[in-house]
Amino acid sequence: MNILKIFLLLALCWLQYSLWLGKNGLIDYIKIYHKVIIEKKNNENLDTRNKQLMLDIDSLNKTIDATK
């Protein structure tokens, strides 16, 4: 019975280690989650910049058409 308890305790420790510190564990998940948030903010900034450029291009095309 003691051997079973020790085995189960070691299994629990190994599972906890792999959950928290192992490859693709929670720490990796948190790091990637923060990177995704940063990339979403960068994409939003680029999207607003692209929209502004498209508006500038449209206004330039309209002024060129108006001068013809």
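I count a residue as buried under 20% relative accessible area, exposed over 50% and partly exposed in between, with a 1.4 Å probe and protein chains only. By that scale Tyr 29 is exposed, at 53%.

**Ground rules.** I am working on a predicted model, where local features need pLDDT of at least 70, side-chain atom pairs count only at pLDDT 80 or more, and totals for chains, interfaces and linings use all residues. Residues are numbered from 1 along each chain as its sequence is written, and side-chain values use heavy atoms, with hydrogens and water left out.

**Overall form.** I looked up the secondary structure and found two helices and zero strands. The radius of gyration is 28 Å, well over the 11 Å that the globule rule gives for 68 residues, so the protein is more spread out than a compact globule. I take that radius over C-alpha atoms, and the globule rule is 2.2 Å times the number of residues to the power 0.38. Along the principal axes, the C-alpha atoms fill a box of roughly 95 × 10 × 10 Å. For helices I use DSSP runs of H or I, at least four residues, and for strands runs of E, at least two, numbered from the N terminus.

**Surface.** I find that buried residues make up 3% of the 68. The accessible surface comes to about 6,800 Å², and 67% of it belongs to carbon and sulfur atoms. These areas come from the Shrake-Rupley method with a 1.4 Å probe; for residues, only the protein chains shown count as cover.

**Aromatic pair.** How many aromatic pairs does a search of the whole structure find? I get one. The ring centres of Tyr 29 and Tyr 33 are 6.2 Å apart and the planes lie at 25°, so this pair is stacked. My cut-offs for rings of Phe, Tyr and Trp (its six-membered ring) are centres within 6.5 Å, with planes under 30 degrees apart stacked, over 60 edge-to-face and the rest tilted. Both tyrosines sit in helix α2 (residues 26-67), four residues apart, which means a separation of about one helical turn. Tyr 33 is partly exposed, at 45%.

**Salt bridge.** I found one in the structure. Asp 47 forms it with Lys 51, and the closest N and O atoms are 3.6 Å apart. The criterion is a side-chain nitrogen of Lys or Arg within 4 Å of a carboxyl oxygen of Asp or Glu. Both residues lie in helix α2, four residues apart, about one turn of the helix. Asp 47 counts as partly exposed at 39%, and Lys 51 as exposed at 52%.

**Charges.** I count 10 positive and 7 negative side chains, the centres of the two sets lying 12 Å apart. Lys and Arg are positive, Asp and Glu negative; His and the chain ends are not counted.

**Loop.** Where does Asn 24 lie? I place Asn 24 in the loop between α1 (2-20) and α2. Its phi is near 60°, a positive value in a residue other than glycine. Asn 24 is exposed, at 65%.

**Spacing check.** Val 36 lies in helix α2 and is partly exposed, at 39%. From Val 36 to Leu 53 I read 17 residues in sequence and 25 Å in space, C-alpha to C-alpha.

How values were computed: The place of a charge is taken as NZ of Lys, CZ of Arg, CG of Asp or CD of Glu.
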